[in-house]
Amino acid sequence: MKDRNGRPVVVVTGIGLVTSLGQGKTDNWAALTAGKSGIRQITRFPTGGLRTTIAGTVDFVKAEPFCAAQLSENFARIAVEEAVGEAKIGGKGDFPGPLFIAVPPVEMEWPQREALAKASGQTGDVTYADLLKAAATGAFKPWHDLFLFGTVADRLAETFGTKGSPISLSTACSSGATAIQLGVEAIRRGETDAALCVGTDGSVQAEALIRFSLLSALSTQNDPPEGASKPFSKNRDGFVMGEGAAALVLESYASAKARGAKILGVIAGCGEKGDGFHRTRTSPDGMPAILAMRGAIADAGLTPDDIDYVNAHGTSTPENDKMESLGCMAVMGERMKSVPISSNKSMIGHTLTAAGAVEAVFSLLTIANQKIPPTINYAQPDPAIPLDVVPNVARDARVRHVMSNSFGFGGQNTVLLFAAEARQ
Amino acid sequence: MGQRDVVITGVGLVSSLGEGLEAHAGALKDPSAVNVDATTYAPFSVHPAVALELDRQIPKKLDQKQMEPWQRLGTYAAGLALEMAGLKGDKEKLSETQLIVAAGGGERDYAVDGQILTEMPKSATPGVLLNEKLMGELRPTLFLAQLSNLLAGNISIVHGVTGASRTFMGEEQCGVDAVRIAFERIRAGQGDRFLVGSSYNSERPDSLLIFAMGGVLKQGGFAPVQKREASPGMILGSAGAFFVMEAREAAEARGATILAELADVSATRSIRDAGAVAASLGVAIDAVKPALSGAVAVISGASGCADITAEEFDVIAEKLPGAPIRATGNRLGHALESQFAVSLALGVLTLKDGALFPPAAGSGEAPADTAPQSVLVTSVGHKRGEGAAALKRTQ
């Protein structure tokens, strides 16, 4: 089946998920629609001296050595296993299409720097010359590969047998959505019948948290942890870092039908727009986000009136939620006041690189279950955001079309549109 | 899908040899022109970037201050590319231009890192010390100079390229994929105009550290990539390279000068056993070879990691017997994420000038006696990924 522009219709036939709420889409959906929070006190590193001491960490997945790169790889493996298993596509280790994966920028971390400093034998002031000297001994060889940006993707490509050159990408907090968009485009070009699209992020480490903290982006309402992320509330004060991964098997409608696969939903449209206003702030008129939303709706051949639910970026920062709300109202007009909009981040925090993919999975589950997950911790409405945020309790609803927003530092705005049914 | 021609209408290049295509054309005429710093990070060498008059492409001091060197290199090179393409300041077209950037990450605060590493072993609570030091000493906006996608972000801010941006990561191969995805999208009508490129700053010990651990850096001074058996490995080079890539019809509609046609791009992946690079690069070359015509020159991004570099030259010689080869690494070093873009820039330069630059001194590269009509650009990542592109002279 082709869409009205003559492009192959893109559907989803497998999804996989791991977040602080648990492993697998069943457990995650149950917790999410029960309004449970996965935010907790950080225990994996000392939090003394920090303003923020909470996060939506995934503590049940281990990594050795324990670092963001390895943890992100492990999350992604879990999510991909589930997605590929559900799609029943290809043979074992033989996925019939390319891999697009959103990964956090990989870096060597403090335990490694400490080990190099120690191995250098320097007892006075340690400099990078000492670390280089220790590195040149060859005693730390495995860390070269571990901390290359392309390693997570390459290892997954190897295990799951994806085809071609795997792409690792970052569009900051919209990365997960961009991974999906790249897959949609590849199928629409007719380059492939299937694509594996993944977002993963396991970067709750001291320095990563401190970087966001220094930009005053994080909530400091640490007690109780589960109350900190409160998108659209008047007393919202920043986001809470989260972790997790989501994987989606994308296929052309024709290919999915031909092999009798169960279609979980349709990716009907993608929209994106850059913003050159500021490194972290959005254009005051909100136009880039508005254009990204309009772009996705137009790409899907729909109108704003067709949108039944908005899966918000909803970070719980003062700026994002206000601008996102304004943007939605500009796109949908007066009707937006009655269109449900909710933020999964109220429960799982902001899974950063993974967020766009995680929220894509929740959007598809919303369609599949005809139930909208809530925005929890909504006790103080913000008069500047006069929207139906599905406060605190999940709601049964007829949902045919979901718009999922993702915005990021560096002027990134990506919007995906999911539909229950394929149309020409 | 209709297959549209993809053309290059602007190139921006900055490196250890200079800024702009003309400066590179000039420098490359001297077979032994190479700018190496063998002392700062001894036993490793780097090719340091030439000093740039930043105001020319990054007019606001505040923007300059918000970036670290890798971002300045890239933002500067992007400006050069837009200028050459005649798009600088064309708000309407720039607001629709898509951006695909190949990037790693940014620099650290070396002084703060050193202090922390010095004090941690002496502390009873090293984790808390780390928190307090980082909270107290790090410049808050340093994060924005470290994030991979903030090169694209800075280009959007400084040059107004705001169609949308995507950043690919993953050492050499992300540079190939950035060009490949832009190429495929233009060809299939998923966009008319892209600014594509990358930048890398080699003058940073934190980046050298990763490769030093892997034993993939050459030690003991400069040697051509073909002559590194004694001490195999890369000599990293600072560079920024950007291209304006357009659908031919879009370029012609605005009366742009077409520098070269990007006729095909292929990216492949292998498991790095002996012979794997030859096989995998062979597949990539075979994929783009039909797009080559007339006399062919080859620009190789070879790393100097001896085994895989030998395989690369062998397979090129097998696929294109007698074609003259020039290794980018012999002149400007190895620029990781940017290496493919740099090689592609030298390919465009070759076609634009109608002559291949002379062999690098001591490299054993053969002289070229005919004017190339097309250029094969190859990439073999030091750890993974193979790729090839075909450039053609425009009619």
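Is A:L352 buried or exposed? Hold that thought for a minute. First, a caution: what you see is a predicted model.

Let's start with a strand, β8 of chain A. Strand β8 runs over residues 244-252. How many of its residues are buried? Nine of its nine. So the strand is mostly covered, given that buried means under 20% relative accessible area.

Now look at the side chains. In a regular strand they alternate between the two faces of the sheet. A:G244, A:A246, A:L248, A:L250 and A:S252 point one way from β8(A). A:A245, A:A247, A:V249 and A:E251 point the other way. Both sets are buried. Note that A:E251 is among them.

Which strands pair with β8(A)? One is β1 of chain A, residues 10-19. β1 and β8(A) pair in the antiparallel sense, over nine bridges. Another is β7 of chain A, residues 194-201. That pairing is antiparallel too, over eight bridges.

Pick out A:L248 on your screens.

On to the backbone. Most residues other than glycine have a negative phi, and most peptide bonds are trans. Let me show you some exceptions.

Cis bonds to begin with. Chain A has one from A:E64 to A:P65, with omega near -5°. Where is A:P65? In the loop between β4 (54-55) and α2 (68-87) of chain A. Chain B has one from B:A42 to B:P43, with omega near 10°. B:P43 lies in the loop between α1 (21-28) and β3 (46-47) of chain B.

Next, positive phi. A:K88 is not a glycine, yet its phi is about 50°. A:K88 sits in the loop between α2 and β5 (99-102) of chain A. Why does A:K88 count as exposed? Because its relative accessibility is 68%, and the cut-off for exposed is over 50%.

Back to A:L352. A:L352 is not a glycine either, and its phi is positive, about 55°. A:L352 is found in the loop between α12 (345-348) and α13 (355-369) of chain A. Its relative accessibility is 5%, so A:L352 counts as buried. That settles the opening question.

To recap the pair: A:K88 is exposed, whereas A:L352 is buried. Each has a positive phi, A:K88 at about 50° and A:L352 at about 55°. Thanks, everyone.

Notes: Residues numbered from 1 in each chain as written. Chains lettered and ligands numbered in written order. Predicted model: local features only at pLDDT ≥ 70, side-chain atom pairs only at ≥ 80, totals over all residues. Heavy atoms only, no water. Buried < 20%, exposed > 50% of the residue type's maximum accessible area, 1.4 Å probe, protein only. Helix = DSSP H or I, 4+ residues; strand = E, 2+ residues; numbered from the N terminus. Pairing = 2+ DSSP bridges.
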